[in-house]
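Here are my notes on the model, as numbered points. Please read them with the structure open.

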Amino acid sequence: LVFHAEGLESFAPADGQSLWFFPWKNQAGVNAAQPIVIDDSSVFIGSGYGLGSARLSIKNTGDEWEVTQVWASMSPKLKFNSAVMSAGYVYGLDEGILTCLNLENGKRMWKKGRYGYGQLLLVDSMLLILAEDGSVELVKADPEAYSQVAKLQALSGQTWNHPALAQGKLFVRNSEM
């Protein structure tokens with residue numbers, strides 16, 4: 001799957017031929033967040049710049065592909081920060097505010113916390129969020145309510161970079177380090 005300026009496109013790994021294309025274009029022409037494969041027949045996509053997110057249904061009948069939009073939502077509007085999926089819900093930064101969305105129907109469950117254009121990881125049942133200001137937070141991946149578990153200031157300065165977690169260690173950096 002390639003999520004480019006014009007939309008989401010699927011390519012055959014063997015020869016690179018385009019299998020199908022779903023148009024998804026915003027005013028800036030930027031689709032940077034990674035799509036999430038929900039299951040064998042559906043994908044979640046999200047973009048910023050006034051567009052929001054959608055669940056797509058993908059069906060293959062021999063040589064024919066059919067891609068349809070199941071639902072669309074104005075939330076979350078993902079710019080260059082990707083969302084994560086856990087137990088039928090997606091969590092992402094909607095213009096910097098953490099949002100939980102039901103993948104079945106596109107209904108927003110809650111929206112809370114200000115993280116700017118940070119990044120997040122799913123670690124077991126927790127969301128590890130590196131905020132734009134360099135703070136790191138743990139929030140429960142719980143569709144019922146926003147629940148912050150811990151917070152620390154890891155860096156100063158603008159931090160748009162993805163955190164990495166390896167062998168129990170968290171690696172973070174900003175535009176200066």
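1. Start at one residue pair. V84 has Y91 of β9 as its bridge partner. β8 and β9 pair in the antiparallel sense, over three bridges. Strands here are DSSP runs (E, at least two residues), numbered from the N terminus. Two strands count as paired if DSSP finds at least two bridges between them. Between β8 and β9 lies a hairpin turn of two residues, where A87 has a positive phi of about 50°.

2. Basis of these notes. This is a predicted model, in which local features need pLDDT of at least 70, side-chain atom pairs count only at pLDDT 80 or more, and totals for chains, interfaces and linings use all residues. Residues are numbered from 1 along each chain as its sequence is written, and side-chain values use heavy atoms, with hydrogens and water left out.

3. Overall make-up. The protein has zero helices and 17 strands. For helices, the DSSP run would be H or I, of at least four residues. The C-alpha trace spans about 50 × 35 × 35 Å along its principal axes.

4. Burial and surface. Of the 177 residues, 45% count as buried. Buried means under 20% relative accessible area, exposed over 50%, and partly exposed in between (1.4 Å probe, protein chains only). The protein exposes about 9200 Å², and carbon and sulfur atoms supply 51% of that. These areas come from the Shrake-Rupley method with a 1.4 Å probe; for residues, only the protein chains shown count as cover.

5. The sheet that holds β9. The order is β8-β9-β10-β11, an open sheet of four strands with antiparallel pairing. Its edge strands are β8 (84-86) and β11 (108-114), each pairing on one side only. Twist from one strand to the next averages 25°. Axes for this are lines fitted to C-alpha atoms, for helices over the stretch in contact, and angles run from 0 to 180 degrees between N-to-C directions.

6. Six bridges join β9 (residues 89-94) to β10 (residues 97-102), in the antiparallel sense. V90 stands opposite L101, and G92 has T99 as its partner. β10 then pairs with β11 over five bridges, also antiparallel. The β10 and β11 hairpin has five residues between the strands, and G106 takes a positive phi near 80°.

7. A second sheet. β12-β13-β14-β15 is the order of another open sheet of four strands, with antiparallel pairing. β12 (119-123) and β15 (148-153) are its edge strands. Its twist averages 15° from one strand to the next. β12 and β13 (residues 126-130) run antiparallel over five bridges, with L121 partnered by L128.

8. Where is the largest nonpolar core? It has 14 residues, and those with the most contacts inside it include Y91, L98, Y115, I129 and V139. A nonpolar core is a set of buried Ala, Val, Leu, Ile, Met, Phe, Trp, Tyr and Cys residues joined through side-chain atoms within 4.5 Å. β9, β10 and β13 each supply at least two residues. β9 gives the most, with three. A second, separate core of 11 residues includes W24, L56, I58 and V67.

9. Check β9 and Y115. Six of the six residues of β9 are buried. Leaving aside neighbours within four places in sequence, Y115 is in contact (heavy atoms within 4.5 Å) with residues including L93, L98, I129, V139 and Y146.

10. Backbone points to inspect. The S75 to P76 peptide bond is cis, with omega near -10°. P76 is in the loop between β7 (64-73) and β8. E95 has a positive phi of about 50° although it is not a glycine. E95 sits in the loop between β9 and β10 and is partly exposed, at 30% relative accessible area. D124 also has a positive phi, near 55°. D124 lies in the loop between β12 and β13 and is exposed, at 72%.
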